[in-house]
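Hello,

Here is the structure I promised to pass on to you. Please have a look at it first, and then read my notes below.

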Amino acid sequence: MSSATLALGAVEGLLRELEAADRFSGVVGVTQEDQELLLDAFGYASRTWSIPATVETRFDTASITKLFTAVATLQLVEHGAFTLDTSMIEYLGLEETGISPAVTPYHLLTHTSGIADDADEEAGERYEDVFLERPNYSVIETADYLPQFVGKPPNFAPGEGCRYCNVGYVLLGLMIERATASTYREYVAEHVFTRAGMNRSGFFRMDVVEPDVAEGVEAIEVEDAGVVGWRRNIYSYPPIGGPDGGAHVTVGDLLCFHRAVAEGRLLDPALTAEFLSPKARRGARGKGSHLMGFGFEFETNGDGAVRCYWKEGVNVGVSGMLRHYPVSDITCAVLAVGENAAGRPLKAIDEAVGNI
């Protein structure tokens, strides 16, 4: 029995404890090379009908979707539709927005564009508050996001900082649509999901019945009374996912995606290496550094070696993570119900396998 398998025994015990205390609903998967170390489901996919989650349950991935957008963007760079240095504004014909023409796909991918977000999460703004006055059901197509941010002044000039920006990926989605004459979702379904073997993945509307899709909910807590009910997230963001978040996948499909990337089945060797390399410093993290890549974020050790890379997704009602440890070739995927639900399982997995 491998050291990783032994370490994960305690993690699975913790997950069962959290499930019993009604504090974790989701699916956890861990692989090492091509060996499955853990794949199990916990808690509820639907609290409305008390339906348990299974390993076939599809979850809203929130910002993990940005990885699919990044791969789609790089595929089009590979095919010559545009370059990483193309002016996004000139390519899309958005000169009247006030966004700098110096912004490129490279800036958008690495969160170094300086563009103001529709909800500045680094400043503590909540994405669901965008829809306090604007109906969330009015945002269906990629271009529908534009009024939420194009009139805002930038945070900094392109390339002169690093600040997480959701709408940068919306603009990448528009570039994908312009290059392919198809919708963003159609392109990703054919050229990312299908090519990666992600047979259970898709973009599913909240207002359309789709089997095996988890409901996003948050606990309603009252001081001195604890949890008194559950709130669904149907008014918290657009009813169907887009380039910055909202694709639905299984944990198995998410692990398939990483394997397809690592094996070079989605990008050519040069762009695969670029996709799996850090680009821009975001700030200190632990004893090493926290850097941004083309979708993934990276933690390096004191000697500059990559300890792990990951992409987190957090939104009202959902949370998750795809994380890889290069030295041990361990990959973990967690998809959960509740924006804080994935935190403790991810911390336990990191402590168990992060230094193997």
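Predicted model: local features only at pLDDT ≥ 70, side-chain atom pairs only at ≥ 80, totals over all residues.

Residues are numbered from 1 along each chain as its sequence is written, and side-chain values use heavy atoms, with hydrogens and water left out.

The protein chain has nine helices and 14 strands (DSSP runs numbered from the N terminus: H or I of at least four residues for helices, E of at least two for strands). Its C-alpha trace spans about 55 × 45 × 35 Å along the principal axes. Of its 356 residues, 56% count as buried, meaning under 20% relative accessible area with a 1.4 Å probe, protein chains only. Among contacts (heavy atoms within 4.5 Å) with a separation of 6 or more, 63% join residues 24 or more positions apart.

Now to helix α5, residues 167–180. Its 14 residues reach 20 Å from first C-alpha to last, close to the 20 Å expected at 1.5 Å a residue (that is, 1.5 Å times one less than the number of residues). The helix is mostly covered, with 11 of the 14 residues buried; among them are Y169, M175 and E177. What do the buried residues of α5 pack against? Their partners are α2 (65–78), α3 (88–92), α4 (105–110) and α6 (184–196). Just after α5, A181 takes a positive phi of about 55°.

Best wishes

Note on methods:
Buried < 20%, exposed > 50% of the residue type's maximum accessible area, 1.4 Å probe, protein only.
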